[in-house]
Amino acid sequence: MKRIDTLTAVPDLFGSGKPGFRDGDLAAALAATNLNALFCNGLQEEIIRVIEAAGLTPSGTNLAQLLAALSLPGVFATPGNSDNSTRAATTAFVRNTSPASLAAGGWQKLPSGLLFQWGTTGGVGNGSISTVTFPIAFPTACAAVVASPVAGVANTNAYSVGVGNFTAADFKLSNNSGTSGNVAASYIALGY
């Protein structure tokens, strides 16, 4: 479909090279934008083809046919996750490109492949090391883990935890507190 291009069209109304319409103004001696057959036929056929492609018969009395055609299943089909085209994205496509498990121990995968994971560990005894398994394994590698001890807001004990030995499936958590007893930790892990 082409933009209106009659002599009375308003040049650059919607940006450079994008003409548009205007109302007439007798006092200012401005003519309204004239329509031509090329524009009207183009507009008509663009709309009619969507209606017919949906299997509907064009009607002069049903003013909701375009909406009905666009609302049919399959008109906005969900493309595959690897689709990098300019097709319309459905909400299912957006959800599929960022799958997640939004639980207490959960994860979120971004379209780039970056994977965030989080959770809370069980208690680790003083001076001990525990293996913590991620909610899901990273497809390639874990790049970083940050952990913080879990304690009550009024707790005055000094807690210290350390992380290390990341693999795609787990990491090691150590309790370095000295005299704190068992310590749990909340963690965030990044990988791909």
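Two strands pair if DSSP finds at least two bridges between them. In this predicted model, glutamine 108 stands opposite phenylalanine 116 in strand E3 under that pairing scheme.

The protein chain averages a pLDDT of 88, and 88% of the residues score at least 70. Where pLDDT is low, the predicted coordinates should not be read in detail.

Three helices and eight strands make up the secondary structure of the protein chain. Read from the N terminus, the elements follow the order α-α-α-β-β-β-β-β-β-β-β. Of the 192 residues in the protein chain, 23% are buried. The accessible surface amounts to about 12100 Å², and carbon and sulfur atoms account for 57% of it. Among contacts with a separation of 6 or more, 48% are between residues 24 or more positions apart.

Five of the strands are arranged in an open sheet, in the order E1-E2-E3-E8-E5, with antiparallel pairing. Strand E1 (100–101) and strand E5 (142–150) each have a single partner strand and stand at the edges, so one side of each is left without a neighbour in the sheet. Strands of a sheet pair through backbone hydrogen bonds, either parallel or antiparallel.

Within the sheet, strand E2 (residues 106–109) is joined to E3 by four bridges and runs antiparallel to it. E2 and E3 form a hairpin with five residues between them, and glycine 113 in the turn has a positive phi of about 105°. On its other pairing, E3 meets strand E8 (residues 184–191) in the antiparallel sense over six bridges. Phenylalanine 116 stands opposite leucine 190 in E8, and threonine 120 has serine 186 of E8 as its bridge partner. E8 is also joined to E5, by eight bridges, and the two run antiparallel. Here cysteine 142 stands opposite glycine 191 in E8.

The faces of E3 and E8 were examined next. E3 has a covered face, formed by Leu115, Gln117 and Gly119, and an uncovered face, formed by Phe116, Trp118 and Thr120.

The largest nonpolar core holds 15 residues, of which Phe134, Val145, Phe171, Leu173, Tyr187 and Ala189 touch the most other members. Two or more residues of this core come from each of E5, strand E7 (170–175) and E8. The contribution of E8, three residues, is the most from any element. In soluble globular proteins, nonpolar side chains tend to be buried together. For phenylalanine 171, neighbours within four places in sequence being left aside, the contacts are Ser130, Thr131, Val132, Phe134, Val145, Val163, Gly164, Asn165, Phe166 and Tyr187.

Strand E7 also contains asparagine 175. This residue has a relative accessible area of 2% and is therefore buried, the cut-off being under 20%. The side chain of asparagine 175 reaches the backbone nitrogen of serine 177 at 3.0 Å.

Two residues other than glycine were noted for their backbone angles. Most residues other than glycine have a negative phi, and most peptide bonds are trans. Alanine 29, in the segment before helix H1 (37–53), has a positive phi near 60°. With a relative accessible area of 69%, alanine 29 is exposed. Asparagine 165 has a positive phi of about 50° and lies in the loop between strand E6 (161–164) and E7. Asparagine 165 counts as exposed, at 59% relative accessibility, and is one of the residues in contact with phenylalanine 171.

Terms used. Residues are numbered from 1 along each chain as its sequence is written. This is a predicted model: local features need pLDDT of at least 70, side-chain atom pairs count only at pLDDT 80 or more; totals for chains, interfaces and linings use all residues. Side-chain values use heavy atoms; hydrogens and water are left out. pLDDT is the predictor's confidence in each residue, from 0 to 100. Buried means under 20% relative accessible area, exposed over 50%, partly exposed in between (1.4 Å probe, protein chains only). Contact means heavy atoms within 4.5 Å. Accessible areas come from the Shrake-Rupley method with a 1.4 Å probe; for residues, only the protein chains shown count as cover. A nonpolar core is a set of buried Ala, Val, Leu, Ile, Met, Phe, Trp, Tyr and Cys residues joined through side-chain atoms within 4.5 Å. A polar contact is a pair of N or O atoms within 3.5 Å; within protein, one must be able to donate a hydrogen and the other to accept it, and residues adjacent in sequence count only if both atoms are side-chain atoms.
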